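Subject: Handover of a structure

Dear colleague,

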Amino acid sequence: MAASESMTRSVAGEAARSRAAEFLLRRHYLRWPEALPWLIAVGCFFVFPDRMTFGSQLLIMIMFALSLDLILGYAGIVTLGHAAFFGLGAYTVALASIKLGWTEPISGVFFGGAVAGLVGIVVGWFILRYRGLTLLMLTIAFAAMLQEGGNIRSDFTGGYDGLPGLTFDPLLGHFQYDLYGHTNYWYALAALAVVFFVVRRIVYSPFGQALTGIRENVRRMHSIGSPVHRRLVTVYAISAAIAGMAGALFTQTNAYVTLTVFDFDASAKVMVILILGGTGRLYGAFLGAAVYMIFEDKLSKMSPTFWQFGIGLLLVLAVMFARRGLLGVGDTIRRKLAGRRAP
Amino acid sequence: MSHAANIVISILFDGLAYAMFLFITSVGLSVTMGLMNFVNLAHGAFAMVGGYIVVSLTRSLGIDFVPALVIAAVLVGFISVPFERLLYRHLYKATDLEQVLLTIGLAFMAIATFTYFYGPIPKSVPLPHWLEGDINLGFRAFPSYRAFLIIVGAVLVTVLWYAFERTNIGARIRAAVDNRRMAESVGINVDRLFTLTFAVGSGLAALGGGFAIQLFGLTPYFAVLYLVLFLIVVATGGLGSLKGTLLAALVIGIIDTGGKYMFPQAGNFFVYLITVVVLLIKPAGFYGRE
Amino acid sequence: MTAALEVKDLNRSFGALRVTRDVDLSLEKGARHALIGPNGAGKTTLVNLITGVLKPSSGSVLLNGDDITGWSQAERARRGLARTFQINQLFRGLTVLENLCMTIGERDGNCNNMWRSAGAKRAVIDEALDRLEALRLVDDALKLVRELPYGRQRLVEIAMALAQKPRVLLLDEPAAGVPSSETHLILDVVAALDPDIAVLIIEHDMDVVFRFAREISVLVQGAVFTKGTPDEIRRNEKVREVYLGQEHHHG
């Protein structure tokens, strides 16, 4: 009797074990809904061929928001100065093309990302020892210093008038830029796909898991031996590099850059976008950017005042009722529907 | 008087006036953040609203500037109470990020509302004749308006210092800032204390906003434009510290004025530089608690 | 024979308040040492000083003979020092299994890996499941920690400390907050700990202390009031005085 009891228990135990293991092993597999955003992006080219300049800027904003999600959504670092790295990438590419004659676009993007990433390591090493208001102010101050510094040397940076009329080589030596922004759209989409692939891998890796741990309970992370500061600086640098690449693409697709890329408004905007879509979800960046920029495009032209009021109201409502953003709202709806379907 | 000495005195004087403005507007933010750990980014909006109340009172109702300042401060102080009671109260336990987002949202709504009613063009206020022109102190003449601001600031510093250090209520506030739980267990009603400090702080912000009209011009965007500056004063001064806010206001006010005099193209660069240097050395600010 | 853990002349002050005074403590390999004392005696502060959460004002901490006084928490943890907290410090939004995988991953450096998926290292998952099995938590493996009753969360807390493969284990009131119907779960685990691990346990329940400990230190107002074997402590009049009103003797 006892033997068969223990046998049943071990079989049940085995089942629980393998179920648990499978869950973790399978978690990073691609699921079919993940193809949706990409299909939509491709589809937009054919449905809205005359809105492709807007489309490129939207894709660039998604990349920027993704970089923020890494540090805000996954590692829990609150920053209002991420535009610093976007701007660094943007200006690296611009200045490289003017001063160094570096007009090859793809390597330019990597160069912009590398510069931003290196600065991210240095800055992060210093400021990530702090949290809360101190860290917030340091991030704001750093971006502002870059902007003011750029203005002091406006002979070099073009100041707030910027550096217009930049030119870049055709993509892969072959694809020319056209007036409708078609080449730029595919360029931005390809870049976003590559970046997303990398970010997704990081997020599902043990390192990504450790970031979540740092966000959820940093005290515990210290006590299990996690090199918290090193982890944070690493992810901050990666995030800075990606923001820099977004900035580089921005300069290339606009053939123009000004110091407004460092604006506090820009840092605040990308945060609002990410919160709107949902942090820590990767696809929140997609949804938030799409919803925000489409509405901004339509409404802010009609009345900038109403647009601003609407955004303010949205933020207030989001914090009070929808802390997990649109994706979170979607989750709740899905759960309620599933609950209703169960007998 | 030598040219260099003249410049130094100008910088000190203007810097002191600027510092007084920063102090008056930021002290409320510092105490409320230190007391409740609540990040209130709508504080700048209270200052902005105060400014517009002064504008309306003086231009539409013909009230004199100084009484208008007082009325605006008291009004905003009263209006802030329902905000705190009905809205902010629910978020004391929320994360920093949520507080940031909610209060920024409120600030945006305020800016949009006031742009709708007042328009985006900077407003000015009619000043009484004794605030226009200069005061002549013998060796030099000083603009009366700024001199007035400095005097008001000094008076407020004294009054606040006295209230903080010498009164019962001040002691209770200091205790609650220092250790909230302990203060509550000793019977201090921290919630009511907070509503009081919040109201006073918002009223002072409105006063600062009223003064700002003539110094910087008033547009609805004032609410966020100067918010970063207020946050800098609060962060570098140390949350919940009167001394800290005053010191930070003086440092930033004078160095920023000096910087702009000597390197006009640098804009706010020196302010941000000070912020970074101070925070890296003393992350909790001059007089903040670690 | 080097002690597994040694604390020498440890002092800590907050301004004028001395919370830890000249504390000496020594744990040999396989020790079963209980730290008792009235509330506010500074027991958790001492644990915080040993683990590196606090820096001492003076004195030193040695782990297996190495002076770790200047080391960070993480460095000490990697050298075999593990602790549980008085109030659970878990990753509440993650599953029990993930909580353990995180610990194991940090322990053997797996968490430095940014490229392969977290599930790819099968060994980590297997070890995590083995440990959960040993504590009969396997059925809860995929439940979020915050969905578990407090007693089982406490077990997860201990499981995580054990997953660090510690040589020295500090348990801060392991049964605190656990409903009395579930305390036996915790106590069984504590009784069954690996005999090679040096264990320091902070406890208020005297039954547990006398059952578990081979040596007891009594901490009063931050200083070691007395120390000795359970019998010696039991017979010590002064200890009873110090504990007036806080005893949990039964018969």
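How many of the five residues of strand S3 (residues 32-36) of chain C are buried? Four are, so defined because 20 or more other C-beta atoms lie within 10 Å of a buried residue's own (12 or fewer make a residue exposed, numbers in between partly exposed, and C-beta atoms are placed from the backbone). The strand is thus mostly covered.

Please note that this is a predicted model, in which local features need pLDDT of at least 70 and side-chain atom pairs count only at pLDDT 80 or more, while totals for chains, interfaces and linings use all residues. Residues are numbered from 1 along each chain as its sequence is written, and chains are lettered from A and ligands numbered from 1 in the order in which they are written.

Confidence

The predictor assigns the complex an ipTM of 0.89 and a pTM of 0.89. For chain C the average pLDDT (the predictor's confidence in each residue, from 0 to 100) is 87, and 96% of the residues score at least 70.

Chain C

Helices (H or I, at least four residues) and strands (E, at least two) are DSSP runs, numbered from the N terminus. Two strands are said to pair if DSSP finds at least two bridges between them. S3(C) pairs in the parallel sense with strand S8 (residues 198-202) of chain C over four bridges, and C:His33 has C:Leu200 as its bridge partner in S8(C). S3(C) also runs parallel to strand S9 (residues 215-220) of chain C, to which four bridges join it; here C:Ile36 stands opposite C:Val218.

An open sheet of four strands in chain C has the order S2-S1-S4-S5, with antiparallel pairing. Strand S2 (17-27) and strand S5 (66-67) of chain C each have a single partner strand, so they stand at the edges and one side of each lacks a neighbour in the sheet. Seven bridges link S2(C) to strand S1 (residues 5-14) of chain C in the antiparallel sense, and C:Val7 is partnered by C:Leu25 in S2(C). Helix H1 (residues 43-51) of chain C lies across S1, S2 and strand S4 (58-63) of chain C, at about 65 degrees to S2(C) (axes are lines fitted to C-alpha atoms, for helices over the stretch in contact, and angles run from 0 to 180 degrees between N-to-C directions).

Chain interfaces

Two residues are in contact if their C-beta atoms, placed from the backbone, lie within 7 Å. Two pairs of chains are in contact, and chains A and C share the most contacts. Chain B and chain C do not touch, their nearest C-alpha atoms being 12 Å apart.

Between chains A and B, 31 residues of chain A are in contact with 32 residues of chain B. On the side of chain A that touches chain B, H6(A) gives the largest share, 14 residues. That side has 22 nonpolar, seven polar and two charged residues (Ala, Val, Leu, Ile, Met, Phe, Trp, Tyr, Cys and Pro count as nonpolar, Asp, Glu, Lys and Arg as charged, and the others, Gly among them, as polar).

The contact of chains A and C takes 32 residues from chain A and 38 residues from chain C. H1(A) supplies the largest share of the side of chain A that touches chain C, nine residues, and that side divides into 14 nonpolar, 11 polar and seven charged residues.

Yours sincerely
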